[in-house]
Every structure is written in C-alpha cells, then in structure tokens.
Amino acid sequence: ASDTRLYQPNGKSPLQIFVRAKKKINDIYGEIEEYVLETTTFINALHAEAEIVDKAERELFESYVYKVAAIREVLQRDHMKVAFFGRTSNGKSSVINAMLREKILPSGIGHTTNCFCQVEGNDGGEAYLMTEGSAEKLNVVNIKQLANALCQEKLCESSLVRIFWPRERCSLLRDDVVFVDSPGVDVSANLDDWIDNHCLNADVFVLVLNAESTMTRAEKQFFHTVSQKLSKPNIFILNNRWDASANEPECQESVKSQHTERCIDFLTKELKVSNEREAAERVFFVSARETLQARIEEAKGNPPHMGAIAEGFQIRYFEFQDFERKFEECISKSAVKTKFQQHSSRGKSVSGDMRSMLDNIFERITIFRNLKQDQKTMLTDRIQGTETQMMQVTRDMKLKIHTMVEEVEEKVSKALNE
Ligand code: GDP
C-alpha cells in the first residue's frame, strides 16, 4: 500500500497544474481569436464603406490576427522540459528509463550517449526517431534497433536526436514532459554551445552523480555556466548507484551525510540557486537501475522488490518516488510561470492595443456623424442608414472588446493563481 502513497499513476499528478493551465490559456486564446477575426471583418467594412479607417490601421488590425495565431501555435508546442547532466556512466539514461518505466534509451557499455537525445510523446501509436536536419522518420521497433540507429548515425556531440514515443505508454509523456539526455559533461569542451542549444528553455536540470565517487570539477563547472546564463535554474541532484552502499553498511550513514552536505553547499553557497531548506529537498540517494527493474517487474504484475539489487531496496525505491513527486511539482509550476505568464501578458497587450484602437475609431465615427448632421441637407437616406448602423455596430464591438479584455484578465489571473 505504501507504494501507491507516493506514486499514483491514475491519481492527481502535480503535472496536471501545467496540463490544466495550458488548456485554459488555449481556450482563452481561442476566444480572443474569434473576437479578433470578427473585429477585423468589421474594420475592413468601415474601411471599404466610409473610409473612417485608413489602410495602415486596417493592416495593423490584420496583424493582430497573425499575432494571435502565432501565440496559439507556440502555445500548442509548449511543454515541460527536463535535462539530465553528469559524467558518462553515472546513469543518466537509466534515470530517464526508470522515470519512463521502460527501457527506452540505450544504456550501459557500448551505448554511451554521444549526442543529445530527446524523448517526447507522440500522439500516434508508433515510435520513431529523427536526427537533426533531416525530416526522415526512422521507425523504432525495439531498444536494440534504437541503440544501433544511434550508433550508426555519425552525429556531432551537440546535435540532437529526437525520439518520439507513444504517449499512452507513459504518463509523464502524456502530460507533456520532454526528457533530454546529454553526452557526459566529461567529454565536451563546448559547454557554451550545449547550453545555448539545449538548455535555455529547460525548466528543470537533473545532475546525476555517481554516489561511489565525489562530484568532479567538470560537473560543477557545467552548472556554474548554466547559472550564469539562466537566473536561478531549478537543479535536482541524484546520487545514483546508491545500491552499492549496501555492501558497506557500516559507513553508509557517514557517506550519505558527507554527500548531502557537499551537494547542499554546492547549490546554496557555490551556485547560490537555492536556500538551505529548498536545497535539502533537492538532493536524493537512489538506484536508477534498480528502480527500472522494479518497474519492469511491476508491469509484469510482479511485486516491485523482485527488481531489487541489494539490501535496502524499499528505502531507495521510496526515495526515487519522492524525487519524482518533488520534481513534478517543481517542473509544472516553473513551466506555468515561465511559459504562460509570457503568453498572458502578450495576450493582454494585444487586447489592450485593440481596445484603444477601437475607442479611437468610435470617437472618429462620432465626429463624423456630428459633422454630417451639420450638413443635413446633403445627406442621402443611404448614408444616414449606414451611419446609424455603424454607430450601433461600433458600440457593440467596443462593448464586446471591453468585456473580452476584462474576461481575459480575470481568467488569466485566476489560472495563474491556481
Ligand atoms: P549514462 O552514460 O550516464 O547515461 O549511464 P547509463 O545509464 O548508460 O549507465 C551506465 C551503466 O551503469 C549501465 O550499465 C547501467 O545499467 C549502470 N547503472 C546505472 N544506474 C545504476 C545504479 O543505480 N546502480 C547500478 N548498480 N548500476 C547502474
């Protein structure tokens, strides 16, 4: 029973915060799009019939249609991104596989990941991969084939291979989490390129360490560079291969507290990305290989401990689940803030611009009407009719836009608060 306490595949995952916010913002933008289209038709009519609106204004208004469509497109593609770093063989691929509950990424001897690998959900039922600069979809039927495909491709170390995996096979992929595995930080001198190309939009970074050794300079340097380029990146530290500590139970606790202290110091004093309390919640002692084995057993209907490698399985397994829970909370909150706050402020500014433009047009129509009233004799019935109709439509439009802006503001702040 305690297994399900921490991980609830069908229960409420913190990732739902992001999923729900995305849906809400998307619905709001759907409404904005409708209003913009409707208003554009009206503006175009004003331009054609009475020249109250000039060409430049009409074009400006049309540009809102494209702006809103562009934001909607970006919104569709928004996801939560987590990137994994650490030395070769510390277990980065194994951690990703354990989280995905399936051996998707090749791991182990001969399968060193020598380029960036991104795993993302795919709506169709098929699995395939795509290399950078090619539109060809290479079908992936099994892990062996994927490993071979990755080995055969002559890939530059900072290039990206995207692996599309059926969403329904993993709840994290279904909820829009994208995983990025990196070549070992020990193999590259191009850390700047790595960060610029793959990290700037990451919501969470996971440093995978080998609990059997201490953090290296290369590992530290990488995160120093990251925190220079990004303000306060979210960093989790996994001391992996913790199953090995079972062989030396007498020094387990002292090793653990030593590692913990070093990791917390690194996050708080060196990188200055978190305070003590937060940092203590970001350091974990796990065994990725064991967790993956346990989950594969679970999928077969067996108890998870059948995947145990050493004594103390249950504690390590809980710790992995605890990491996942805190990771999910962190990534979904961070992604909502960084991604959607931007969309909502853009949406507000577009609707604000439209509102002032319509106010302006409304004023001009009033002046135009007064002017015409002074020259009543010259008026034909047709113009009079058009004017009255125009006043009515403009008033309606203005009211609609005002209500819309208020509604958008209210909905957006509600969604963000939630
Ligand atoms: P990467 O190069 O960082 O992606 O490392 P991999 O995930 O490919 O792992 C390297 C090797 O270490 C593989 O043979 C894994 O099975 C093994 N490994 C990974 N995590 C663990 C762990 O927690 N415990 C043990 N005993 N072996 C692990």
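Student: How many bridges join β1 to β6?
Tutor: This is a predicted model. In it, β1 and β6 run parallel. The number of bridges joining β1 to β6 is 5.

Student: In which sense do β2 and β6 pair?
Tutor: Strand β6 covers residues 177-181 and is joined to β2 over 3 bridges. Val119 stands opposite Phe179 in β6, and Gln118 stands opposite Val180 in β6. The sense of the β2 and β6 pairing is antiparallel.

Student: Is β6 largely enclosed or left open by the rest of the structure?
Tutor: A residue is buried if 20 or more other C-beta atoms lie within 10 Å of its own. In β6, 4 of the 5 residues are buried. Strand β6 is therefore largely enclosed.

Student: What is the bridge partner of Leu129 in β5?
Tutor: Strand β3 is residues 128-131, and β3 pairs with β5 over 4 bridges. That pairing is antiparallel. The bridge partner of Leu129 in β5 is Ile163.

Student: Which strands stand at the edges of the sheet?
Tutor: The open sheet has 9 strands with mixed pairing, in the order β4-β3-β5-β2-β6-β1-β7-β8-β9. An edge strand here has a single partner strand, so one side of it is left without a neighbour in the sheet. The strands in that position are β4 (138-139) and β9 (283-285).

Student: At about what angle does α4 run to β6?
Tutor: Helix α4 lies across several strands, namely β1, β2, β6, β7 and β8. Its direction relative to β6 is about 160 degrees.

Student: How many residues of α4 are buried?
Tutor: The buried residues of α4 include Lys92, Ile96 and Leu100. Helix α4 is mostly covered. The count of buried residues in α4 is 9 of 9.

Student: Which residue just after α4 takes a positive phi?
Tutor: Helix α4 is residues 92-100. Just after α4 there is a phi of about 65 degrees. The residue with this positive phi is Arg101.

Student: Is α4 roughly parallel or roughly antiparallel to α11?
Tutor: The axes of α4 and α11 come within 8 Å and cross at roughly 30 degrees. Angles under 35 degrees count as roughly parallel. Helix α4 is therefore, relative to α11, roughly parallel.

Student: Is the crossing of α4 and α11 left-handed or right-handed?
Tutor: In this crossing, Ser94, Val95, Asn97 and Ala98 of α4 meet residues of α11, among them Ala288 and Leu292. By class, the contact has 4 nonpolar, 3 polar and 2 charged residues. The crossing of α4 and α11 is left-handed.

Student: How is α7 placed relative to α8, roughly parallel or oblique?
Tutor: Helix α7 (residues 191-199) and helix α8 (residues 217-229) have axes that come within 10 Å and cross at roughly 55 degrees. That angle makes α7, relative to α8, oblique.

Student: How many nonpolar residues are in the contact of α7 with α8?
Tutor: The crossing is right-handed. The contact is made by Leu191, Asp192, Ile195 and Cys199 of α7 and Phe222, Thr225, Val226 and Lys229 of α8. Beside 1 polar and 2 charged residues, the number of nonpolar residues is 5.

Key. Residues numbered from 1 in each chain as written. Predicted model: local features only at pLDDT ≥ 70, side-chain atom pairs only at ≥ 80, totals over all residues. Axes fitted to C-alpha atoms, helices over the stretch in contact; angles between N-to-C directions. Helix = DSSP H or I, 4+ residues; strand = E, 2+ residues; numbered from the N terminus. Parallel < 35°, antiparallel > 145°, perpendicular 65-115°, else oblique. Left-handed = near helix turned anticlockwise from the far one by under 90°. Contact = placed C-beta atoms within 7 Å. Nonpolar A, V, L, I, M, F, W, Y, C, P; charged D, E, K, R; others polar. Pairing = 2+ DSSP bridges. Buried ≥ 20, exposed ≤ 12 C-beta atoms within 10 Å, placed from the backbone.
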